[in-house]
Amino acid sequence: MKIPIAQPLIGEDEIAAVARVMRSGMLAQGSIVTEFESRFAEYCGVAHAIGVNSGTAALHAALLAAEIGPGDSVIVPAFTFFATASAVSMCGATPRFADVDPRTFNIDPDSVEALIRPDTRAVIGVHLFGQPFDVGAVRDLCDDRGLILIEDAAQAHGAEYREKRAGSLADLGCFSFYPTKNMTTGEGGMVTTGDDALAERLRLLINHGQSRKYLHSAIGYNYRMTNMGAAIGLVQLDRLEGFNERRIHNARYLDRHLPGTGLVTPYVAPGVRHVYHQYVVRLPAGYPLTRDAFMSALADRGIGTAVHYPIPVNRQPVYQNASGDASCPVSDDLAASVVSLPVHPSVTDEELAYICDAVRGLRGA
Ligand SMILES: Cc1ncc(COP(=O)(O)O)c(C=O)c1O
């Protein structure tokens, strides 16, 4: 058996949709992007969605639209993908690293509060692995201190917090459509917002700051989404609920069958819909195998695993010692003990049974 840790699901409908765009000759940003943006905004329950060419571009453009720049600091979780923090640096601002909750792996509101200083302008919460962060608590802190709240929803298409979808939970939402995400456009991203002025500024920033043809009123970027990407995205958006339901089904199977193997299975906070971009377990202290040995034993049985993420962002060489912040011990602990198991929609019940058997077999090893 061969079970990869991730597998994009591209079918004939996506291929036909791209072929139609290619035959039309309208390859770059155009009406298909506009259609995808309005369908995605409707799906999220938000007024505006602006298509871009990566999740990193989405974060960078969102921060620029919020006028974050040199002299400002932005609070981000230490336990996330690098781009959550690097987008802040790309604006000339300073990321400051909050620790995360040991059960949800998401940004810890107490740690955020402790980091707020006069130069703090915004907080980026990440819905890590598909589970919304504690939006209510972080939102309250932001409202009290006049901070902008950005949700990094790169891993959370269709996730919900108190019955509202990711992308509608903050001032700005940022998505990635990288091939392994819950839905894809090849490469791509989306910024969502309910604020008309932010949406207008975003449209300017992602297109060279061009207010009309060859008239540039700001320094902007070429972050435009292509019609080809949007054509894939429209088909994938129709399939997203099915994908997410299968991810949730797979996660529940693992939740039911992994207890007793010594692994710590994911915790789901009340009031959220977790869409399992990743199914992340922890190897607790005293587990009989090292993480490397655990992963290679599963690899020997054809089961792909991965570590998301082995180094907290505050410990990356480019950030080490940069901010002088207190350490983030929970993030350190998670980085040393987490492993992701296959949960993507292509994993079958038979494969899930095989994974659980394999893990059970390792216990006594
Ligand atoms: C949490 C998070 N933020 C941002 C990004 C950046 O997205 P992209 O790879 O599309 O630039 C990713 C994707 O890898 C991510 O997982």
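This is a predicted model: local features need pLDDT of at least 70, side-chain atom pairs count only at pLDDT 80 or more; totals for chains, interfaces and linings use all residues.
A polar contact here is a pair of N or O atoms within 3.5 Å. A backbone N or O atom of G55 sits 2.8 Å from an oxygen atom of the ligand, so the pair falls within the 3.5 Å limit. For Q155, an N or O atom of the side chain is 2.8 Å from a ligand oxygen. For S176, the side-chain N or O atom lies 2.7 Å from an oxygen atom of the ligand.

Now for the overall layout. The protein splits into domain 1, residues 12-235, and domain 2, residues 240-362. Where the two meet, domain 1 puts in 39 residues and domain 2 puts in 35. Taken over C-alpha atoms, the domain centres are 25 Å apart. For domain 1 and domain 2 that comes to about 3200 Å², with 61% of it on carbon and sulfur atoms.

What holds charge to charge across this boundary? The count between domain 1 and domain 2 is one salt bridge. E241 pairs with R165 in a salt bridge, with 3.9 Å between the closest N and O atoms, which just makes it under the 4 Å cut-off. Polar contacts are also found here: 21 residue pairs across the interface of domain 1 and domain 2, both partners at pLDDT 80 or more. On the domain 1 side, the elements giving two or more residues are α4 (83-90), β3 (94-98) and β6 (160-161). Of these, β3 supplies the largest share, four residues. Sorted by class, this side of domain 1 has 20 nonpolar, 11 polar and eight charged residues.

Across the structure, the salt bridges number 15. One worth a look in the viewer is R239 with E14, whose side chains meet at 2.7 Å, N to O. This pair ties together distant parts of the chain, with R239 in helix α8 (residues 227-257) and E14 in helix α1 (residues 12-24), 225 residues apart.

Definitions and conventions. Residues are numbered from 1 along each chain as its sequence is written. Side-chain values use heavy atoms; hydrogens and water are left out. Domain bounds come from an automatic or database domain assignment. Contact means heavy atoms within 4.5 Å. Buried area is the accessible area (1.4 Å probe) that two parts lose on being put together, summed over both. A polar contact is a pair of N or O atoms within 3.5 Å; within protein, one must be able to donate a hydrogen and the other to accept it, and residues adjacent in sequence count only if both atoms are side-chain atoms. Ala, Val, Leu, Ile, Met, Phe, Trp, Tyr, Cys and Pro count as nonpolar, Asp, Glu, Lys and Arg as charged, and the others, Gly among them, as polar.
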